[in-house]
Amino acid sequence: MTERMLLTNARILTCDGDPDEKPADGDVLIEGNRIVAVTKAHRIDVDPAGTRVVDLRGATLLPGLGDAHTHISWPLDFVFDHAAVAAAPEGRHLLDVAAVTRTYLESGYTLIIGAGVTQPLDDVLARDAIDQNLIPGPRIIPSGAMIADKNGLGADGGLMEVAADAKELRQIVARQCETGVRSLKLFISGDGVLPQYPSQDVYMNDEMLTAAVEEAARHDAFITTHARGSASVAMAARTGVRIIHHACFLGDDALRALQARGDDVWVCPGLHYLYAMVSGHAGPWGITDEQIEASGYREEFRSQVDGLRKLREAGIKILAGGDFGHQWTRHGSYAAELQRYVELAGMTPVEAIHTATRNMGPAAGLASGQVREGFLADLLAVDGDPAADVTVLQRPALRRAVIKDGRFAYVNPEIFP
């Protein structure tokens, strides 16, 4: 028998597309793992003998949040030593991964898209364990080892797989997909944090990216890219890459290439990471002002803020997500990304929330991210009004519960002892 649950006395933020939407009093009826009815201003009548009735007592009910740039390989105490994580004993490391997936879920995140792992099967094993109810966690679109060009960042092969041409890249994509990977990340630009690989560098070429996109599609998977410079963003856009990470520098060619793709491409900026770096938050962990200056991150940060405004004006869809897991962007602080969109990019709080909900479902290929009939019942109940103050989503004491797949996946023990 299909389980039924009624969430009543909620203030519903549907994320229907209105950037100025206000939460409205209403009820939500769930059957199995889907929303089957949403009402506003009146109650849904059900037979309590066949339906679980949960009174939310005026809490705001919104879609579960999503993050499109995740590294669950990075433990809760991660600083910047990727090699140490890669060399960690597998058993201990997987316990660290389980702690991270639990942190995502308890932070209100019901969907994450992997952007590269440190041990090759981290995302796939975590997804399978979550799907089997062995550990708590969000839905995972799993990634594998990141993929580098033979002449670019990561070419030493220590932490990434390396391709020399389109044929080798196609083989790597096929091999990863056969292990269960569905989100494959290519490094096609540099990163100023390593000054010998400037952000404006471009690695790979159109032939390689096109081959990767085609091969991924054969396996019902997709390609994402680390692309900080404008030329790399333009190449990713014109070759069919689905998610473009960072996009810190945006020239006219890049904007035109993105616009030409319409609703078939998403940009995931990771703004909070740059904000934290240039604001000195990494200083206590050994990232000096001199390193920040050498990285060019200050210019990059200013450019990215300006670029986000251009992306909004051009109608390019933006996804929340951004390298969380360093001590200066700690696990559990994921919704800080949404705060930066409001403070720095001019978004309304609801528009920022859309980057983690309404925009996230289509990017992942799922009917999620809206409180809407037929959509997955992945929901977050919080005290306060995130449509007025998006920082509500960063405060653990205000999270009442997380619902995933139509069931309570997390209930705040401080509120419901």
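Predicted model: local features only at pLDDT ≥ 70, side-chain atom pairs only at ≥ 80, totals over all residues.
Reader: How far apart in sequence are the parts that the pair of R4 and E31 ties together?

Author: R4 belongs to strand β1, which covers residues 4–12, whereas E31 belongs to strand β2, which covers residues 24–31.

Reader: Is E31 buried, partly exposed or exposed?

Author: A residue is called buried under 20% relative accessible area and exposed over 50%. E31 has a relative accessibility of 32%, and therefore it counts as partly exposed.

Reader: Where does E300, the salt-bridge partner of R228, lie in the chain?

Author: The side chains of R228 and E300 meet at 2.4 Å, N to O. This pair links distant parts of the chain, 72 residues apart, with R228 in the loop between β12 (222–227) and α6 (230–238). Both residues are buried, and the element that holds E300, spanning residues 297–314, is helix α10.

Reader: Which residue forms a salt bridge with K317, and is that residue buried or exposed?

Author: K317 lies in strand β15 (residues 317–318), while its partner lies 54 residues away in the loop between α7 (252–261) and β14 (266–268). The closest N and O atoms of the pair are 2.8 Å apart, and the partner is D263. Since D263 has a relative accessible area of 56%, this residue is exposed.

Reader: How many salt bridges does the structure hold?

Author: The protein chain carries 39 positive and 56 negative side chains, and the centres of these two sets lie 3 Å apart. Side chains of opposite charge can pair when their charged atoms come close. For the structure as a whole, the number of salt bridges is 24.

Reader: What radius of gyration does the protein chain have, and why does it agree with a compact globule?

Author: For a chain of 417 residues, a compact globule would have a radius of gyration near 22 Å, so this is the value against which the model is judged. Buried residues make up 58% of the chain. The radius of gyration of the protein chain agrees with the value for a globule, because it is 21 Å.

Technical notes:
Residues numbered from 1 in each chain as written. Heavy atoms only, no water. Rg over C-alpha atoms; globule rule 2.2 N^0.38 Å. Buried < 20%, exposed > 50% of the residue type's maximum accessible area, 1.4 Å probe, protein only. Lys, Arg positive; Asp, Glu negative; His and termini not counted. Charge placed at Lys NZ, Arg CZ, Asp CG, Glu CD. Salt bridge = Lys/Arg side-chain N within 4 Å of Asp/Glu carboxyl O. Helix = DSSP H or I, 4+ residues; strand = E, 2+ residues; numbered from the N terminus.
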